Amino acid sequence: MSRIQDLAANLAAVRERISKACDAAGRSPGEVTLVAVTKTFPASDVRLLAELGITDVAENRDQEAAAKTTECRDLDLTWHFVGQLQTNKARSVVSYADVVHSVDRARLVKALSRAAVDAERSVRCLIQVSLDEAAPDEEGRGGVHPDGVLALADALDAADALALGGVMAVAPLGADPAPAFARLAEISHSLRAAYPAAKTVSAGMSGDMEQAIVSGATHVRVGTALLGGRRAIVR
Ligand SMILES: *Cc1c(COP(=O)(O)O)cnc(C)c1O
């Protein structure tokens, strides 16, 4: 099979999973945006995915993302940044990202806002929440403690050139994702009481998109199920 046939088959299978999960949850598939996570895969794959109708693409490392977004500048895509973000990368990320899913501290809000103002861009920001009750902040996966979400939302709301879009989370490793996604839904609910427009819930990956959709995910971030296995990255 050619690469595009491969990707088309994977995409059909993922769309089918999303559609079944929506049926089971009494939701419409139109409520769930599929974000293709293309990290470690070449820009040529992004191009093929765009041909197949993908509109939203995500990367998790600035250097790779900067190169790939440049190569794909002619495509009309929405770019998401989903990786842990150092403040000294804010300037670069703001130059290509439409949505940043990994905002988890006030310092980062400041850095992103300053960079977005200077670049005359507007960036949608999601608050990444740590749902790992057992080991919050360990493993370096990022995310603010649930108790800190509202304060961070206030900071984002007040920041120039940034828009508060909602919340994002990664289910804890090795645990049942369902309770974590249910907790994220509660957090989103209280956030929306203060900020009704902050409707985005970015949750669910290749292994757990069904559970995330049941809990109200509006964006699923899918890598492996679309593009295949990633080779281990040696750093
Ligand atoms: C890599 C990545 C994904 C996609 O993971 P898969 O299991 O390959 O679907 C989703 N979210 C984030 C933050 C990621 O880094």
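Modeller: A residue counts as near a molecule if one of its heavy atoms lies within 4 Å of it. The model is a predicted one, so local features need pLDDT of at least 70 and side-chain atom pairs count only at pLDDT 80 or more, while totals for chains, interfaces and linings use all residues. Residues are numbered from 1 along each chain as its sequence is written, and side-chain values use heavy atoms, with hydrogens and water left out.

Around the ligand are Val-37, Lys-39, Asn-60, Val-82, Met-168, Met-205, Ser-206, Arg-221, Val-222, Gly-223, Thr-224 and Arg-230. By class, this shell has five nonpolar, four polar and three charged residues. Here Ala, Val, Leu, Ile, Met, Phe, Trp, Tyr, Cys and Pro count as nonpolar, Asp, Glu, Lys and Arg as charged, and the others, Gly among them, as polar.

Next come the polar contacts, pairs of N or O atoms within 3.5 Å. In Thr-224, a polar side-chain atom is 2.5 Å from an oxygen atom of the ligand. Gly-223 has a backbone N or O atom 2.8 Å from a ligand oxygen atom, and for Arg-230 a side-chain N or O atom lies 2.8 Å from an oxygen atom of the ligand. On its own the ligand has 390 Å² of accessible area (Shrake-Rupley method, 1.4 Å probe), and the protein covers 87% of it.

The ligand sits in the largest pocket, meaning that more than half of its atoms lie within 2 Å of the pocket's grid points. A pocket is an open set of points on a 1 Å grid over the protein atoms alone, where a 1.4 Å probe fits, with protein on both sides within 12 Å along at least five of seven lines; lining residues have an atom within 4 Å of a point. The largest pocket holds about 900 Å³ of space, a volume filled by probe spheres set on the points. Its lining has 31 residues, and Lys-39, Asn-60, Val-82, Gly-83 and Gln-84 lie nearest the centre. Eight of the lining residues are nonpolar, twelve polar and eleven charged.

Methods
A polar contact is a pair of N or O atoms within 3.5 Å; within protein, one must be able to donate a hydrogen and the other to accept it, and residues adjacent in sequence count only if both atoms are side-chain atoms.
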